[in-house]
Amino acid sequence: MRPAPPSLLAEPPPLLSFQNVSKRYPDGGREIVALDEVSFELHAGAAVGVYGARRSGKSTLLRLAAAIESPDAGVVRFAGRDVTRISSRERARLLRSSVAFLTSAGWLASPGETVLDHVAMSLGSEGLTMREAKRRALLALDAVGVAALGAEEITASLSLRERALVMLARALVREPRLLIVDEPAPMPSLGDRERFCAILRTVTGERGIALLIASEDMATLRGVGALMSISAGELCCSEERGTVVRLRPKRAAASGPS
Amino acid sequence: MGMVQATSTKRWMRGASAPLRGALLGLLLERPGHGGELANRLIARLGETWRIDPNDVYRLLEQLEAEGLASSCEEHRRGNERRTRLVYHPTEQTPSALTCWMETLMPREPVRLGLQAKLAVAREQDLRRLSVALREHERECLALAQLVCPSDGQARSWAALCMDCTRDAVYGMLQAEIDWTTRTRQRIDEYAARTS
């Protein structure tokens, strides 16, 4: 690898970094190691995909990245700050202002609500007028290509594809710095799913939003800047590529008995 | 890390038949045998899907002998004093050659087949080497998957559709590869934890 060119500017800290992060869950009398000393860095505007089967630890990784949960060991930093050591109130603020979490299980629309209201409502606590919130919501819906659903459509009448796009608009409307996506597209049609992933890549790329996306289907991860796979809580990373994402292996490869 | 990227590889370790030659070394170390018997053991060990031709096995054994990794001697067939056959034995170089093969991951060989062949004849002392080789293979697959162009979900022309389906095939293959690799590594690691 080429040595980095000398720079007078200090390099900004990565947007998100994991340092030897471990997480265990009790399972009856035993313990499940969901994450085993995982380390990686995600820089602002970069896109990283995490491939893993069910129960491989990928959802735990994402929840820790979003500071929804805390690790048992290790440090999770967001924009240089150790999020494991801040108060839950501060953490909630961070989550609201900088991180958006998108999961197919997180559909929380109330019946009878219009699409526009649903997206605008997520700005509820920002101190905006409803008019301004709706204006931003419309922009977000436009960005994901469903502006036409807009004010009239009732959320309950949406197809899975539209629902996913509305959820994406809801995540975008708060202008996060990091978008975390867990199994984005439980859509029956392959074309729909790929179109959704393409929109996801475009809207985050254009806005410089970092993307951390996990799926048990590699096709969903096509086009990310770096790929990692996770199994039994252990992370394996594709090779380093530029400064987009720097990944440290868990430990040096052990040498065998000779 | 250097252990899976040997700088110079021996001739017998290159080419499409390298996995079979390596596996034959492992079988020879377990016990000597004549060509037909080794072919049967190879087929039993690797499975019918490899479509191993016993005639090829004779050729591979000759190649190994030419490299000094096997030696043959004529022995009388049981119950027939007049007819002889070649029985292959390991040489002094065979154990180190096997070890060297275990820890060499060639970039261009059919890597997964190579790993399968290694697993088929691996000794317990090769456990770490296998784990490292599997890890390296997983990393390689991830790096390759990263190079596959994304699809926008709307291949408009026939040519674009065909190209996208090809990429889909590559992606599916890499995913299966990674799945198998992680599963295998996990099982090896669990075994190591149990026995240590």
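**Exercise 1. Which residues of H1(B) meet which residues of H5(B), and how are the two helices oriented?**

Start with the contact list (contact: C-beta atoms, placed from the backbone, within 7 Å). From H1(B), Ala18(B), Pro19(B), Leu20(B), Gly22(B), Ala23(B), Gly26(B) and Leu27(B) meet Leu113(B), Gly114(B), Ala117(B), Lys118(B), Ala120(B) and Val121(B) of H5(B). Helices are DSSP runs of H or I with at least four residues, strands are E runs of at least two, and both are numbered from the N terminus.

Next, sort by class: nine nonpolar, three polar and one charged. Here Ala, Val, Leu, Ile, Met, Phe, Trp, Tyr, Cys and Pro are nonpolar, Asp, Glu, Lys and Arg charged, and the others, Gly among them, polar.

Now the geometry: the axes lie 9 Å apart, at about 5°. Axes are lines fitted to C-alpha atoms over the stretch in contact, with angles from 0 to 180 degrees between N-to-C directions. So H1(B) is roughly parallel to H5(B) (under 35 degrees).

A word on the source: this is a predicted model, where local features need pLDDT of at least 70, side-chain atom pairs count only at pLDDT 80 or more, and totals for chains, interfaces and linings use all residues. Residues are numbered from 1 along each chain as its sequence is written, with chains lettered from A and ligands numbered from 1 in written order.

**Exercise 2. Which element gives the most to the side of chain B that touches chain A?**

First, the totals: 27 residues from chain B and 26 from chain A. Then the elements giving two or more residues on the chain B side: helices H6 (127-147) and H7 (158-195). H6(B) gives the most, with ten residues.

How values were computed. Contact = placed C-beta atoms within 7 Å. Parallel < 35°, antiparallel > 145°, perpendicular 65-115°, else oblique.
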